[in-house]
Amino acid sequence: MRIAIRSIVLLTTIFILLAVIGCDGSGSENDPDEMILRQALFNKIKSLDPVSMRDVYSATVSGQIFETLYQYHFLKRPYELIPLLAEEMPQISEDMLVYTIKIKKGVLFQDDKCFPLGKARELTSGDFVYGLKRVADIKNLSENWSVFDNKIVGLDEFREYTKTCKKAEDVDYSRPIAGLQMPDDYTLVIRLKRPWPQLIGTALADMVTSPVAKEAVDYYGEDIISHPVGTGPYMLKKWHRGSYIELVRNPNFRGELYPSEGEPGDAEAGYLDDAGKIMPFADKVVWTIIEEYQPAWLLFLQGKLDTSVIPKDNFDEAITGIGELTPELKQRNIHLKIFSDPSTFWLGFNMQDAVLGENKPLRLAISRAIDRKRFIDLFFNGRHPIADGFIPPLMASYNPKIKEKGYSRYDPNDARKLVEEAEEIYGGKLPKLRIAMPGTDTFARQFGQFLTRNLNDVGIDVEIDYMDWPTYQEKLNTSSAQMFASGIVASIPDAEDFMGIFYSKNKAPGSNKFNYYNAEFDKLYEEIATMFDSPERRELYQKMELVVLEDCPAAFLNHRIAYVLHHDWVKNYKPHVFQYGLSKYRRIDTAKRAEYKGR
Amino acid sequence: MAAYIIRRLLYTIPIVFGVLLLTFILFNMVGGDISAEIAGKSASKETIEEIRKERGYDKPLFFSWDSQFVNHFENALTFNLGRALDREPVIDKIKRGVMPSLALTVPMFFGIVIVSVGLSLIVAFVRGSIWDVLTVVICVAGMSIPFLSFILFGQYFLAYKWGLFPIFFSPDLATAQYVALPVLIGIVTGLGANLRFYRTVMLDEMRSDYVRTAFAKGLGPGRVLFKHVLKNAMIPIITRIVLAIPFLFLGSLLLERFFGIPGLGYLMIEAIGSRDYFVINAMTYISAILFVIFNVITDICYALVDPRISFE
């Protein structure tokens, strides 16, 4: 007994001593001249294997390790695709079915023990073919297959073949695919089944097609998710899963020149100061995974993070009533960047639902009952614009006159009249409607209360079903949600992502969770799917948007405007919403960072 | 004693079997097929089918040598915990998380026990005085303030404003550095309920005849309290302490999340949120085993501290 008590006291004393000795509040610092980019990620990284990558956070990290054939220009706007691993833009045949892509010579993978003697080899066209075969291989369970489904000649047949293999090891990757040819080590030829103008943006500039060394896949097996071997400017040094990731320079990286051209104003903003210099600039890139806003905000103010979003609860501390930085943050030499995010959020209607689907006045009544301005003021500090349509203002196909159409207007009186009309169609008092709300957190509950009050005000009885993400997904996939709060962020600077979610062949469990069908829309969608970007195509987009808005399969709520802060020691911080491999452009003024007083 | 321990350990077999059966029924029959969740948001039907095959969900639930339950049972017994939804082996996740969790919960636990038992002896001794009343009021007030408030306050003032502790986990820091503040917060928040409990236990003992006798014989307060009262109050203290030990393994959700401690508390909650049954199942199974083992230890401790309790 006495021994037990003494042991407890001894253990506790040791711990307290350790805590006190080690507790200087800062920890062991790195070399002050070392250029380290320090950022926060608000979610955990799931995988660092491009084949199974689907979330923004994984892509943010992988984008520094892996490279794609093409990338978006860092400075030019509108966004412009330029070669990265490709030597030049592809040669496209007249029938738009054959893409011939020349690949840069002398590109090396990072050194890794998966290679003989640990020394990397050169990238070849075979690595791209291998990557696409991995996406098609059913054994890899890639979520990205839908991007390539029925697009490349012979790839679907390869997928069918992999289904016949018993085990993953049985799949023969040397099987030829007619639509993926390698005339030599530096040429890749892709043959399509039908024209696919988004091939470059949607696929060849996307992380999913980043080349991964076959040697690494063979060596690490299923653990390839945590052993990325790419050609990019950085390579993985440490990954404390769920808490911390550290990348260091890839010594095999060929070097890339910082762009010398941008858009007007870039030179004045200092974005061209490093023109022509060899990238990457930073020695290390570090992400700390911080899922709560308070610690991330405090670490930013302390100078231990270079950049930060503005948490809702700290908005007044950061931004004045006229949308400028507060004097306190200005004094700390913090800079504010405001930019449009290609996103739209909505309250969706299940068009197969017996009450909503055949009752357009009811859908319109719900849409007009929602006070979007109040919603944005309450939940987003008045930052975001109302979504008058679903194509965000950032897109070239955005219709600047869409607001005049009044599809998103708040008109409770009109909504009440529409409810009466809806009741006539329904044949009596409307039943209680249900909204599927993803999440059970404070935001979800407050949003639910807001919608309930708005709809109750016009005589619509509604109940909110709060649920976890998997349950919500299941409800949408099985079309069992009557209404649902949702949204989308575009992956390319083209509104096609927004059109696809209304195409009837994409009905649930596909991306059309509204189960919307309109023959005219479908016809137009099939027309634009094979058109390259042009004024005609943009006009068709606007026409399609009007078709959808007229049918009202959703009450569109808001687009998003991002407010990002960064310390003045971070250089070349130009917002870019379509690319992940941005760390190579960033430069750190280590002297300024060292001068910063954090408290 | 050996026979007693063996007998008690044998009792654990049906308990563990029951836990396995229960978790299987909950996850596989109530929770349903999770292949679609594993496949992700935009997966095709064929991908979902492939997962069903790969994970064995296409096999019968019971009543077959190759049934899902037999596999579940076999995997549990061999500690083959499978791969989580993100395809990382579950055992790797647990191994990685267990030390940070214990680094947080063990000192927190001992801190709470030592401070609350020590203080409870003192306030029981001065019962009815202003110090006793003040302690009870502070305990009740501490219990009434949400745990989150202590975290936000501690992180803002102690870490950010006064710079006494790091704000967040960093691999550059020693474990003692990054767990110091959360441990302190954990001890402060845990004191209220524990101190009140131990005070009640001590008060019961202080009213016993042997305490009066000890004082009458001229023993000092320290000797009476720590030698006699504490020893006699050990049964409820041991019950509370030993049965709490298995839960130390589960970490602390909020502290881990706010201070970035890569432990098991957050792993478990995250697994529940994303319906990662592989992780939930493994954690439930390990917790059940630990709970059963510590129950046995509790019983052994009873006999060690109280000679009236026999192993027979």
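**Figure 1. Overall view of chain A in the predicted model.** Chain A holds 20 helices and 20 strands, and the model shown here is a predicted one. The radius of gyration of chain A is 26 Å, close to the 25 Å that the globule rule gives for 599 residues, so chain A is as compact as a globular protein of that length. Of the 599 residues in chain A, 42% are buried, and among the contacts between residues at least 6 apart in sequence, 68% join residues at least 24 apart.

**Figure 2. The domains of chain A, with a view of where domain 2 touches domain 3**. The centres of domain 2 and domain 3 of chain A, taken over C-alpha atoms, are separated by 36 Å. Where these two domains meet, 8 residues of domain 2 are in contact with 8 residues of domain 3. On the side of domain 2 that touches domain 3, the residues divide into 4 nonpolar, 3 polar and 1 charged.

**Figure 3. Helix H3 of chain A and its surroundings**. Helix H3, made of residues 125-136 of chain A, has 12 residues and reaches 17 Å from its first C-alpha to its last, which is close to the 16 Å expected at 1.5 Å a residue. Because 10 of the 12 residues of H3(A) are buried, this helix is largely enclosed by the rest of the structure. Among the buried residues of H3(A) are A:Phe128, A:Val129, A:Leu132 and A:Val135, and they also include A:Asp127, A:Lys133 and A:Arg134. The buried residues of H3(A) pack against two kinds of element in chain A, namely helices H4 (145-148) and H5 (155-164), and strands E6 (180-184) and E7 (187-191).

**Figure 4. Strand E18 of chain A with strands E13 and E14**. Strand E18, formed by residues 554-567 of chain A, is joined by 3 bridges to strand E13 (residues 307-309) of chain A, and these two strands run antiparallel. In this pairing, A:Val309 stands opposite A:Val564 in E18(A). Strand E14 (residues 334-349) of chain A is joined to E18(A) by 12 bridges, and this pair likewise runs antiparallel. Here A:Ile338 stands opposite A:Tyr563 in E18(A).

Definitions and conventions
Residues are numbered from 1 along each chain as its sequence is written. Chains are lettered from A and ligands numbered from 1 in the order in which they are written. This is a predicted model: local features need pLDDT of at least 70, side-chain atom pairs count only at pLDDT 80 or more; totals for chains, interfaces and linings use all residues. Two strands pair if DSSP finds at least two bridges between them. Helices (H or I, at least four residues) and strands (E, at least two) are DSSP runs, numbered from the N terminus. Domain bounds come from an automatic or database domain assignment. Two residues are in contact if their C-beta atoms, placed from the backbone, lie within 7 Å. Ala, Val, Leu, Ile, Met, Phe, Trp, Tyr, Cys and Pro count as nonpolar, Asp, Glu, Lys and Arg as charged, and the others, Gly among them, as polar. The radius of gyration is taken over C-alpha atoms; the globule rule is 2.2 Å times the number of residues to the power 0.38. A residue is buried if 20 or more other C-beta atoms lie within 10 Å of its own, exposed if 12 or fewer, and partly exposed in between; C-beta atoms are placed from the backbone. The expected span of a helix is 1.5 Å times one less than its number of residues.
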